[in-house]
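Here are my notes for your review. Please read them alongside the coordinates.

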Amino acid sequence: EVVRELGAEEVRWFYREDRKTWKPFIGYDSLRIELAFRALGSGGGGGGAGEPAAVEPVCVRSGLYEVDVASAESYPVYWNQTEKIPVMRGQWFIDGTWQPLEEEESNLIEQEHLNRFKGQQLQESFDMEISKPVDGKEAIHSLKLSRNHVDWHSVDEVYLYSDATTSKIARTVTQKLGFSKASSSGTRLHRGYVEEATLEDKPPQTSHIVFVVHGIGQKMDQGRIIKNTAMMRDTARKVEEKYFSNLATHVEFLPVEWRSKLTLDGDTVDSITPDKVRGLRDMLNSSAMDIMYYTSPLYRDELVKGLQQELNRLYSLFCSRNPEFEEKGGKVSIVSHSLGCVITYDIMTGWNPVRLYEQLLQKEEEEELEERWMSYEEQRLLEELYITKQRLREIEERLHELKASTISKPPVLKFKVENFFCMGSPLAVFLALRGIRPGTSGSQDHILPRTICNRLLNIFHPTDPVAYRLEPLILKHYSNISPVQIHWYNTANPLPYEHMKPSFLNPSKEATSGPDTESASAAPSPTTSPVMVRRHYGESITNIGKASILGAASIGKGLGGMLFSRFGRSSATPQTMETGKDGPEGDEKKATTVGSPPLPHSSSGFLEPTVELEHRIDFELREGLVESRYWSAVTSHTAYWSSLDIALFLLTFMYKQDQEETDKSNLDTI
């Protein structure tokens with residue numbers, strides 16, 4: 001081979017995030033950046049006034065970023081980022097690490113190399129290098145740089161030496177000891193990257209996009225959701241490589257940053273905040289305040305619209321840049337955290353407190369007419385008013401129907417939600433306070449219709465103080481059934497989630513504890529018993545809830561106190577009354593009528609009640625063996641982002657259909 005200019009495939013482009021080391025772009029990206037760079041160079045010479053030609057930005061990293069070759073910067077497509085990401089063209093590389101030399105030095109060395117060796121033969125075999133150490137050879141060429149110099153011992157044996165005083169001293173000492181100059185302080189350089197860039201080295205097609213929605217506290221740290229999503233994306237990439245590498249598609253995570261664009265009250269709340277313990281107050285203002293904004297009728301709509309518009313904007317942008325996504329039936333899921341779950345839920349279902357308020361007013365008016373004693377004249381007028389209001393409502397409804405038939409109202413979201421994953425979600429409390437009570441069918445439709453969202457999954461850490469369970473809102477006896485345990489990331493051949501049997505939270509001590517009748521009354525049936533204490537892996541989430549309810553009620557009888565104590569009462573009283581009234585015999589009677597076998601199943605911790613959920617909804621992370629429960633209560637609410645267990649869990653559900661299809665086709669071929 002002859003020394004000639006580096007081909008586009010030998011050059012490798014790099015990017016650097018958060019001032020860490022340079023990372024190489026994949027071949028597909030690097031090659032396209034290099035071609036754009038060369039187009040820019042040739043265009044610059046050809047322009048009449050010497051103006052560089054405008055080069056389209058290059059789409060890189062699975063389409064999440066673009067590279068502006070002229071300014072050597074990269075920036076995200078779907079979100080805003082203050083820090084630009086520098087990119088760099090690598091031509092000469094350090095041996096071992098394959099990190100690129102800084103561009104200026106690299107250009108100088110490359111120029112010098114071509115001037116001196118262009119057209120010369122390269123050595124044929126690599127064995128030569130091993131057999132002939134560099135020690136004996138003198139440099140045949142040298143180049144002085146600002147802080148170091150480069151020696152060529154042959155065409156393809158190039159070393160870089162630092163010219164700092166310390167390294168000079170070190171060099172003379174080691175040479176006196178009999179070491180060679182090269183091995184003592186030189187760094188071997190390579191021209192061209194370790195592997196050639198090819199267009200085949202490209203990212204897989206995106207078959208599923210996941211919008212990641214943040215909860216409260218984004219005002220405090222606006223870039224947090226972007227960092228969290230990046231953590232989740234990196235974790236998911238690792239899991240994809242390990243478990244889903246056979247599939248030709250991949251899942252893309254996009255952050256939905258809805259909070260920073262909203263003005264809300266401007267700075268009114270800041271102006272009324274006292275100065276003492278300002279740090280703590282600011283933290284509360286920028287986190288807990290979001291919940292108060294959301295319960296305020298004035299700002300609630302602004303929060304909902306902010307999130308809704310951002311979701312639609314991202315989806316439209318993604319589809320415009322990936323036209324084949326919709327054609328190939330690409331799916332969309334949403335992962336929401338904390339308060340984000342409640343707002344996302346309200347957008348999907350269109351829930352509005354104003355409607356609720358109107359219904360209450362109507363009810364009150366009707367009751368008022370019945371209850372009060374009043375003069376004939378007053379009654380006549382009230383009835384007339386009532387009839388007129390009824391008429392007004394009817395006219396409004398007819399008008400509304402006419403409008404609806406002529407212009408079909410655009411859907412709130414531009415896409416159907418496949419899976420809605422809630423993480424550390426207080427949604428259940430919001431629903432309970434809106435009057436949702438357990439039903440009799442085990443369908444998810446009771447709280448979220450399948451027509452709106454195919455599957456609802458509620459993920460929480462057992463000690464997360466903000467998280468609540470959703471299943472007992474659908475079927476009451478699920479408060480005694482433990483949430484499904486999420487598998488550890490490295491479990492070999494885990495049991496698929498749909499095959500996991502529901503298990504009782506508090507199995508009776510031992511099957512041998514006495515005669516059958518005693519055990520039957522000692523292990524109450526799941527459908528009637530009050531909420532039990534959690535078995536071996538820590539308190540039940542409902543107990544944590546109760547503890548916080550009692551705590552909140554006793555600490556402050558303010559807003560929080562009222563809210564929590566009211567919720568505490570409503571959830572605790574019906575159960576205690578029920579069991580008090582029936583006593584153990586009643587329990588036994590019910591146990592037999594409900595049809596759950598009294599002894600064998602409850603003692604093993606598995607049960608088969610008459611009504612079961614179509615799909616399990618509550619999934620719980622396994623607690624770490626060493627973590628302190630109180631410390632993890634502080635940290636667990638934000639610990640979801642980097643968890644490999646969660647990444648595997650999300651991908652398992654999102655790849656389910658893809659996997660089933662590949663399995664089917666494999667079976668067909670067999």
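1. Start with the surface. Val277, Leu280, Met283 and Leu284 make a nonpolar patch of about 380 Å². Patches take residues with over 30% relative accessible area and no salt bridge, joining like charges within 9 Å and nonpolar side chains (Val, Leu, Ile, Met, Phe, Trp, Tyr) within 5 Å. A salt bridge puts a side-chain nitrogen of Lys or Arg within 4 Å of a carboxyl oxygen of Asp or Glu. Areas are Shrake-Rupley values with a 1.4 Å probe, and for residues only the protein chains shown count as cover.

2. The model is predicted: local features need pLDDT of at least 70, side-chain atom pairs count only at pLDDT 80 or more, and totals for chains, interfaces and linings use all residues. Numbering runs from 1 along each chain as its sequence is written, and side-chain values use heavy atoms, leaving out hydrogens and water.

3. Met283 sits in helix α8 (residues 278-286). Helices are DSSP runs of H or I with at least four residues, strands are E runs of at least two, and both are numbered from the N terminus. Met283 is partly exposed because its relative accessible area is 42%; buried means under 20%, exposed over 50%, and partly exposed lies in between.

4. Next, the sheet. Five strands form an open sheet in the order β7-β11-β10-β9-β8, with antiparallel pairing. The edges are β7 (92-94) and β8 (141-144); each has a single partner strand, so one side of each lacks a neighbour in the sheet. From one strand to the next, the twist averages 30 degrees. Axes for such angles are lines fitted to C-alpha atoms, and angles run from 0 to 180 degrees between N-to-C directions.

5. How many bridges join β7 to β11? Three, and the two strands run antiparallel; β11 spans residues 187-191. Pairing requires at least two DSSP bridges between strands. Trp92 stands opposite Arg191 in β11.

6. The structure holds zero disulfides, defined as cysteine sulfur pairs within 2.5 Å. Cys422 is in none; its nearest cysteine sulfur, that of Cys341, is 3.9 Å away. Cys422 counts as buried because its relative accessibility is 0%. Cys319 is also buried, at 12%.

7. Check two backbone angles. Asp18 is not a glycine, yet its phi is positive, near 50 degrees. Asp18 lies in the loop between β1 (12-15) and β2 (23-24). At 53% relative accessibility, Asp18 is exposed.

8. Ser62, also not a glycine, has a positive phi of about 60 degrees. Its loop runs between β3 (58-60) and β4 (65-68). Ser62 is partly exposed, at 28% relative accessible area.

How values were computed. Buried < 20%, exposed > 50% of the residue type's maximum accessible area, 1.4 Å probe, protein only.
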